[in-house]
Amino acid sequence: MEQSLTSKEFTAKELLEAFYEQYGGDKSKISIYSAPARINIIGEHIDYNGGKVFPAAIDRYLYIAIRKRNDDKITYNDLRFLGKFEFSINDDFSYKKENDYANYLNGILSILKRRGNKLDTGFDALICSNIPAGGGISSSSALECGFAYAINEQYGFNISRIDIAKIGQQSEHEFMNVQCGIMDQFIIATGKENTAELLDCASLAYEYVPLELGDYRFVVMNTNKKRKLSDSKYNERLGECQKGLKILQDAGCNIKNLCELSEKQFEEIKNKITDPVIQKRVKHVVSENERVKLAVKALKEGNLQKLGQLLVASHVSLKNDYEVSGIELDTLAEVASLQDGCLGARMTGAGFGGCAIALVHKDSVPAFVDTVQEFYVKKIGYKAGFFSCSSGNGVAYLDV
């Protein structure tokens, strides 16, 4: 996205007032919708390998104000990012670099139209987001799913929350050329406050797990290093996993995805993969899937110490075997894990920049932030961003 206009955090009510100020008209017909950011507690880079993941929606939101028009015109605007865009409901939407954030919205409309959902009028949409863009906590998925939900509600398409997630993923694949898994869109569409969600990405079976952290909080640590998934090595890692899967299948392994393997099974057959890089990639996928199961068990048992240890092990694997972290994320995760009151830390999201998370005692958060920030600035040369978070709800209509 283009340069931010402001660092101010907006409320849904402020967005409503801004919409009315910009567009006028009947204020009572303006609708406000929200979509959360997410953290993935554990289970990284395995959603596209048929694995189990353990994300939670958090209380940091993107808001969309929308109102139908009486003609076929579509307008998009944003309080935080430069660029007002105008289209028609009759357009044949295609990706254009100059359309910036509007590409995410047009991708959703393109998929909806292809599924037989027709807009009978145009609309005006105004957006504001309190989710760091490019920060690895799913700002783009929040935009996609929040917008898809808003359009669904406005036009009565009767699309389920799971289909909202699928439409968001399909748009990423076909419109944005990012071959992402389903996790981000799924948790944003279906998340519930006070829970995390154990999602089987192969079957889309899911379970809400109470997120009971006692006196501990997740602290999100933003490297402030921006990256775009389509410009990163995300698709490269996907290709490496597909290659590893094919090698094993050709060697006689009867599996549809890598996460069907247990760690014991992998140890028995890993030598069939002679490329050491591909072998490391598969090792991460298999071991991370096992860590997810152990993390859910630890949380259900109230064993936060064990959960913290699994976070650290996950980061080590992402750093050494999957190689998606980088000096910024390594610095945050490794320094954070050494601090008093912190049970563990890891990168979250695709990596190559973005965010890490740490599980920190609420009384230790201020000192934790000061110490990690000081070390980060000395090593990296600029500041990281920090905020503690609670769980949040998935996409929703807001009665403002």
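I began with strand S8 and strand S10 (residues 355–361), which pair in the antiparallel sense over 7 bridges; strands are DSSP E runs of at least two residues, helices are H or I runs of at least four, both numbered from the N terminus, and two strands pair if DSSP finds at least two bridges between them. This is a predicted model, in which local features need pLDDT of at least 70 and side-chain atom pairs count only at pLDDT 80 or more, while totals for chains, interfaces and linings use all residues. Residues are numbered from 1 along each chain as its sequence is written, and side-chain values use heavy atoms, with hydrogens and water left out.

I then traced the open sheet, where 4 strands run in the order S9-S10-S8-S11 with antiparallel pairing. Strand S9 (342–348) and strand S11 (385–389) stand at the edges with a single partner strand each, so one side of each is left without a neighbour in the sheet. From one strand to the next, I noted an average twist of 25° (axes are lines fitted to C-alpha atoms, for helices over the stretch in contact, and angles run from 0 to 180 degrees between N-to-C directions).

Helix H9 (residues 304–320) packs on this sheet and touches S8, S9 and S10, its direction making about 35° with that of S9; contact here means heavy atoms within 4.5 Å.

Next I turned to the aromatic pairs, of which the structure holds 14 (ring centres of Phe, Tyr and Trp, the last by its six-membered ring, lie within 6.5 Å; planes under 30 degrees apart are stacked, over 60 edge-to-face, the rest tilted). The rings of tyrosine 76 and phenylalanine 87 have centres 5.7 Å apart and planes at 50°, so the pair is tilted.
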